[in-house]
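The following briefing concerns one protein model and is arranged by topic. Please consult the sequence and the structure alongside the text.

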Amino acid sequence: MRSSLINRRLHSRLGTALSVGFAALAFAHPAIAAEEKPPEPACAIKTNLAWQALPGVEGLEVIKDGRYTLPAIKFTDQKTGEEKEAPARSVCFTALRVNKAKYKIDLIDVRDTIESAPATKGGVSRSVSRSGKSAGAAVRYSMRTLTEVLGPEVKAIANAGWSRGAGRPEPVGAAFVNGKVVALDPYPSLSTFLCLDDKVRWAKEKVQVPAAFWFTQSGKFSIQEWSEKKRERVQACDDLVQVGPRIIEIEDQDYKDMRAEGGDLACLADEPPKSGVCRRSLARRATFRTIFATDAPDIAADAANAEADGPERRLYIVATSNKVSLYDAQMMLLDPAFYGDAKAHWAVNMAGHTQMGMVARGLADGQVEIGNLDANIATALVITPQAKSN
């Protein structure tokens, strides 16, 4: 049933909406609720890229209050052509590293999760009239609410994708959660589908293998020109959310072709391999960010193809506590020093500005909260233990 629905709607409605709405929406940004406020900046005093295991929790590691320092760099403002210099600066962040054999990352529908919870939980405040009758309920669809609704088994929660702001949150762009189509209206400035479990390419694997699919590039990379194999992989994904942009790229054929063909991505030819962001983006406004990434361990899953996705790759959620450009985030995530015993594989921006955030439990000094935990959000990532086999 779902497969036929996606076949009909993903191929026709998504393609039609792209062609009709791309010109108007290509440079738009998701709406931000007026009452939401950005997180307060915080940063370590010196460079900190040391991964620490969570006490008593096998399979989860953290860099808390991390700091990555970047030197001054010159760049050309794409709009004005003016030569500029970005001074020395830092990426301040907290990151979680997930061993997929021990833990999994799930996508949840925030509104459905909170509204399905008992009324006494989850930050649901009910106003009562003078007659003693309930006069309605005010619900906050936020990460703070989710930490109350979800039990202690959940070790971390992070925003995934954009919501439309105040009131009942709705995803900006497409979202599938546990096989259910939550939203299927494309948002052209969000360039990627993040699929948390690529069941076509890695159907035989017992652990999840995420994938990130191109969405809004033009020409042969547009969704209308996708191969049947790529369509099949997206349609088979039960947990998918529209995000972007891609920060670090897999060295696949599409990526090599896009670099070679020029256009908006011509500047990537002057960037390090696997870069998805050009230096000129330093002219754009920096902001707070939540990023999803995977690594490439020293021992590849497929010795003949070191860039193949592999079950032993670890998953990362990175939340910045200061305003960071996509380029600076990319430079940190390209650096093997960030991983310690691995290197970059791919990474994608999930959310930013006032809608970003992350909660992590189990640290020795208590719960860690990064970003705006009170913002209404539509979808979130949650980290929970893998079910034990009998």
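A contact is counted where heavy atoms lie within 4.5 Å. On that basis, among contacts between residues at least 6 apart in sequence, 73% join residues at least 24 apart. This is a predicted model, in which local features need pLDDT of at least 70 and side-chain atom pairs count only at pLDDT 80 or more, while totals for chains, interfaces and linings use all residues. Residues are numbered from 1 along each chain as its sequence is written, and side-chain values use heavy atoms, with hydrogens and water left out.

**Overall composition**

- The secondary structure comes to seven helices and 21 strands; helices (H or I, at least four residues) and strands (E, at least two) are DSSP runs, numbered from the N terminus.
- The protein has 390 residues, of which 53% count as buried; buried means under 20% relative accessible area, exposed over 50%, and partly exposed in between, with a 1.4 Å probe and protein chains only.

**Buried elements**

- Helix H6, spanning residues 326–334, is mostly covered, since nine of its nine residues are buried.
- Among the buried residues of H6 are Asp328 and Gln330, together with Leu326, Tyr327, Met331 and Met332.
- Phe176 belongs to strand E10 (residues 175–177) and counts as buried, at 1% relative accessibility.
- The C-alpha atoms of Phe176 and Leu107 are separated by 8.5 Å, although the two residues stand 69 apart along the chain.

**Backbone geometry**

- Most residues other than glycine have a negative phi, and most peptide bonds are trans.
- Asp65 has a positive phi, near 55°, and lies in strand E2 (residues 60–70).
- With 40% relative accessibility, Asp65 counts as partly exposed.
- Lys274 likewise has a positive phi, near 75°, and is placed in the loop between helix H5 (253–261) and strand E16 (289–297).
- The relative accessible area of Lys274 is 8%, so Lys274 is buried.
- Gly244 and Pro245 are joined by a cis peptide bond, with omega about 5°.
- Pro245 is in the loop between strand E14 (240–243) and strand E15 (246–248).
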